[in-house]
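Subject: Structure handover

Hello,

Here is the structure for your files. Notes on what was found in it follow below.

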Amino acid sequence: MLDTGNAGYYNPFVIALEVSGRVRCFGSNWAGACDVPASLGPAVHVAAGMAHSLAVDRRGRVWAWGWNIAGECQVPDDLPPARAVAAG
(Lines give C-alpha, C1' and ligand atoms only; values in the text may rest on other atoms or scores of the structure.)
Protein backbone atom coordinates (compact mmCIF):
# COMPACT_ATOMS: atom_id res chain seq x y z
CA MET A 1 0.00 0.00 0.00
CA LEU A 2 1.29 3.46 -0.90
CA ASP A 3 -0.03 6.94 -0.30
CA THR A 4 1.44 10.33 -1.11
CA GLY A 5 1.45 13.60 0.78
CA ASN A 6 2.05 16.99 -0.70
CA ALA A 7 1.96 20.49 0.74
CA GLY A 8 2.28 22.13 -2.64
CA TYR A 9 5.81 21.66 -3.90
CA TYR A 10 7.29 22.06 -0.41
CA ASN A 11 6.76 18.60 1.03
CA PRO A 12 6.30 15.78 -1.49
CA PHE A 13 6.63 12.44 0.28
CA VAL A 14 5.41 8.85 0.14
CA ILE A 15 4.35 6.52 2.93
CA ALA A 16 4.55 2.80 2.23
CA LEU A 17 3.25 -0.24 4.07
CA GLU A 18 5.33 -3.34 3.48
CA VAL A 19 3.77 -6.82 3.46
CA SER A 20 5.45 -7.42 6.83
CA GLY A 21 3.60 -4.43 8.33
CA ARG A 22 6.68 -2.22 8.46
CA VAL A 23 5.91 1.45 7.70
CA ARG A 24 8.40 3.37 5.58
CA CYS A 25 8.42 6.98 4.40
CA PHE A 26 10.60 8.68 1.86
CA GLY A 27 10.85 12.01 0.13
CA SER A 28 10.80 15.43 1.72
CA ASN A 29 10.73 15.38 5.50
CA TRP A 30 10.21 19.11 5.89
CA ALA A 31 7.59 18.76 8.64
CA GLY A 32 8.51 15.39 10.12
CA ALA A 33 5.97 13.44 8.07
CA CYS A 34 8.65 10.82 7.35
CA ASP A 35 9.74 10.43 10.98
CA VAL A 36 8.01 7.08 11.58
CA PRO A 37 7.84 6.54 15.36
CA ALA A 38 10.38 3.94 16.46
CA SER A 39 7.81 2.38 18.79
CA LEU A 40 5.29 1.76 15.98
CA GLY A 41 5.01 -1.97 15.46
CA PRO A 42 3.51 -3.74 12.45
CA ALA A 43 0.73 -1.72 10.82
CA VAL A 44 -2.29 -2.69 8.76
CA HIS A 45 -3.08 0.65 7.10
CA VAL A 46 -1.34 3.96 6.34
CA ALA A 47 -2.30 7.36 4.98
CA ALA A 48 -0.43 10.51 4.01
CA GLY A 49 -1.74 13.99 4.69
CA MET A 50 -0.46 17.31 3.49
CA ALA A 51 2.44 17.28 5.96
CA HIS A 52 1.58 14.46 8.37
CA SER A 53 1.29 10.68 8.31
CA LEU A 54 -1.10 8.20 9.91
CA ALA A 55 -0.98 4.47 10.58
CA VAL A 56 -3.17 1.85 12.20
CA ASP A 57 -1.32 -0.90 14.04
CA ARG A 58 -2.46 -4.51 14.38
CA ARG A 59 -4.27 -3.71 17.63
CA GLY A 60 -6.30 -0.96 15.94
CA ARG A 61 -4.43 1.94 17.53
CA VAL A 62 -4.09 5.05 15.38
CA TRP A 63 -0.66 6.66 15.20
CA ALA A 64 -0.02 10.16 13.84
CA TRP A 65 3.16 12.16 13.28
CA GLY A 66 4.39 15.17 11.34
CA TRP A 67 3.08 18.73 11.23
CA ASN A 68 0.39 19.24 13.86
CA ILE A 69 -0.64 22.80 12.98
CA ALA A 70 -4.39 22.10 13.25
CA GLY A 71 -4.40 19.09 15.61
CA GLU A 72 -4.04 16.47 12.86
CA CYS A 73 -1.66 14.45 15.02
CA GLN A 74 -3.64 14.60 18.26
CA VAL A 75 -5.23 11.15 18.38
CA PRO A 76 -7.93 11.08 21.09
CA ASP A 77 -7.14 8.75 24.00
CA ASP A 78 -10.66 7.32 23.89
CA LEU A 79 -10.65 6.55 20.15
CA PRO A 80 -11.95 2.99 19.66
CA PRO A 81 -9.87 0.53 17.60
CA ALA A 82 -9.75 1.43 13.91
CA ARG A 83 -9.26 -0.57 10.71
CA ALA A 84 -8.25 2.24 8.37
CA VAL A 85 -7.39 5.94 8.36
CA ALA A 86 -7.61 8.79 5.88
CA ALA A 87 -5.67 12.03 5.88
CA GLY A 88 -6.55 15.25 4.19
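Helices (H or I, at least four residues) and strands (E, at least two) are DSSP runs, numbered from the N terminus. With that in hand, D35 is found in the loop between β3 (23-27) and β4.

Two remarks on the source. This is a predicted model, in which local features need pLDDT of at least 70 and side-chain atom pairs count only at pLDDT 80 or more, while totals for chains, interfaces and linings use all residues. Residues are numbered from 1 along each chain as its sequence is written, and side-chain values use heavy atoms, with hydrogens and water left out.

Overall make-up

The protein has six strands and zero helices, so the pattern read along the sequence is β-β-β-β-β-β. Of its 88 residues, 40% count as buried. Here buried means under 20% relative accessible area, exposed means over 50%, and partly exposed is in between (1.4 Å probe, protein chains only). The protein exposes about 5,200 Å², and carbon and sulfur atoms supply 55% of that area. Accessible areas come from the Shrake-Rupley method with a 1.4 Å probe; for residues, only the protein chains shown count as cover. A contact means heavy atoms within 4.5 Å. Among contacts between residues at least 6 apart in sequence, 37% join residues at least 24 apart.

The sheet

Two strands pair if DSSP finds at least two bridges between them. On that basis there is an open sheet of three strands in the order β4-β5-β6, with antiparallel pairing. β4 (43-48) and β6 stand at the edges with a single partner strand each, so one side of each is left without a neighbour in the sheet. Neighbouring strands of this sheet are turned by 20° against each other on average, direction ignored. For that angle, axes are lines fitted to C-alpha atoms (for helices over the stretch in contact), and angles run from 0 to 180 degrees between N-to-C directions.

β4 and β5 run antiparallel and are joined by five bridges. These two strands form a hairpin with three residues between them. H45 stands opposite V56 in β5.

- S53 has W65 in β6 as its bridge partner.
- L54 stands opposite A64 in β6.
- A55 stands opposite W63 in β6.

β5 and β6 form a hairpin too, with four residues between them, and G60 in the turn has a positive phi of about 90°.

How many residues of β5 are buried? Six of its six residues are, so by the cut-off above the strand is mostly covered. This holds for both faces: H52, L54 and V56 lie on one side, S53, A55 and D57 on the other, and all are buried.

Salt bridges

A salt bridge is a side-chain nitrogen of Lys or Arg within 4 Å of a carboxyl oxygen of Asp or Glu. The count by this rule is two.

One of them links D57 and R61 through their side chains, at 2.7 Å from N to O. D57 is buried because its relative accessible area is 3%, whereas R61, at 41%, is partly exposed.

E18 and R24 make a salt bridge as well, at 3.2 Å from N to O. E18 has a relative accessible area of 29% and is partly exposed; R24, at 39%, also counts as partly exposed.

D35 counts as partly exposed because its relative accessibility is 45%. Leaving aside neighbours within four places in sequence, D35 is in contact with N29 and W65. W65 is also the β6 residue that partners S53. The C-alpha atoms of D35 and C25 are separated by 7.5 Å, with the two residues 10 apart along the chain.

A nonpolar surface patch

Which residues form the nonpolar patch on the surface? They are W30, M50, W67 and I69, with about 450 Å² of accessible area together. Patches are made of residues with over 30% relative accessible area and no salt bridge; like charges are joined within 9 Å, and nonpolar side chains (Val, Leu, Ile, Met, Phe, Trp, Tyr) within 5 Å. I69 lies in the segment after β6 (62-66) and counts as exposed because its relative accessibility is 59%.

Regards
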